[in-house]
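Biologist: Hi! Could you walk me through this one?
Modeller: Happy to, here it comes.

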Amino acid sequence: MAAYAERHYGLRTHVLEHPRVIVEHVTVSRTFHPVFSEFARDVPDRELHELPGLCSHFVIDTDGTIYQLVPLCLVCRHTVGLNYTAIRIEHVGLSDREIMHTPKELAASVALTLWLMQRFDIQLRNVIGHNESLTSPFHRELVWRLRCQTHGDWIRADMNIYRRRLVALVVGGSSSGLSPRPARAPAERGWPGSRVGRWSTSTEAVKLAAEVDKVPTF
Ligand SMILES: [Zn+2]
């Protein structure tokens, strides 16, 4: 990852020192399993043919289960121009619109995002969809041919709704409809659990949400 960071950002490090951006993505899959398999292979990606392979800090399943695949201290490769400073959240589903209509998944997503915003002091305007990457003030890319590269997941219209949900969670606090639920360990599903951390939507996230005293405008 350090070699990638040097090629693309002029930073020879694999450490995610102070993340300033959260990028929301869509897996374009029906389940978590193929997503995990794809990331675990660590082979050059099909689009840009580079190493290291694509990865994600988090993947949220349709039932609201949050899987942490990569520690937050490590850079992940997921969004051209922003990997050096961004946390990736993947959502199982075929489109952002579909995820917006999957209540448990969306609730888990906004709770996790808000918790990350609080933990790393990330501003609301820097919670973006992958499709908004090119207009981020943190976007930087040394490879010319990639300077206008982005993907179609999480368009601005859907992210505006998503950001309003974040604000509503702060304003509504624990009355936001979120409730604690147990996470299922990946090992129980027969996956290599040693590679995967797990997390569930928690009262802690709701509590932290209520402590955010100022929501930036967007
Ligand atoms: Zn994406």
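Biologist: Which residues in α4 meet which in α5?
Modeller: V110, A111, T113 and L114 in α4 meet R165, L166, L169 and V170 in α5. Contact here means that the C-beta atoms, placed from the backbone, lie within 7 Å. Bear in mind that this is a predicted model, where local features need pLDDT of at least 70, side-chain atom pairs count only at pLDDT 80 or more, and totals for chains, interfaces and linings use all residues. Residues are numbered from 1 along each chain as its sequence is written.

Biologist: Thanks! At what angle do the two helices pack?
Modeller: Helix α4 (residues 103-120) and helix α5 (residues 156-172) pack at about 75 degrees, with their axes 10 Å apart. Axes are lines fitted to C-alpha atoms, for helices over the stretch in contact, and angles run from 0 to 180 degrees between N-to-C directions. The two helices are therefore roughly perpendicular to each other, a label for 65 to 115 degrees.

Biologist: Which residues of α5 are buried?
Modeller: Y162, R163, L166, L169 and V170 are the buried ones in α5. Buried means 20 or more other C-beta atoms within 10 Å of the residue's own, exposed means 12 or fewer, and partly exposed is in between, with C-beta atoms placed from the backbone.

Biologist: Switching topic: where is T79 found?
Modeller: T79 is in the loop between β3 (66-68) and β4 (86-91). Helices (H or I, at least four residues) and strands (E, at least two) are DSSP runs, numbered from the N terminus.

Biologist: Is T79 buried or exposed?
Modeller: T79 is buried, with 24 other C-beta atoms within 10 Å. Leaving aside neighbours within four places in sequence, T79 is in contact with V23, A86, R88, H130 and S133. The C-alpha atoms of T79 and Q149 are separated by 9.0 Å, although these residues are 70 apart along the chain.

Biologist: Nice. How many helices and strands are there in the protein?
Modeller: The protein has six helices and six strands, in the order α-β-α-β-β-β-α-α-β-α-β-α from the N terminus on. Of its 218 residues, 39% count as buried.

Definitions and conventions: Angles under 35 degrees count as roughly parallel, over 145 as roughly antiparallel, 65 to 115 as roughly perpendicular and the rest as oblique. Two residues are in contact if their C-beta atoms, placed from the backbone, lie within 7 Å.
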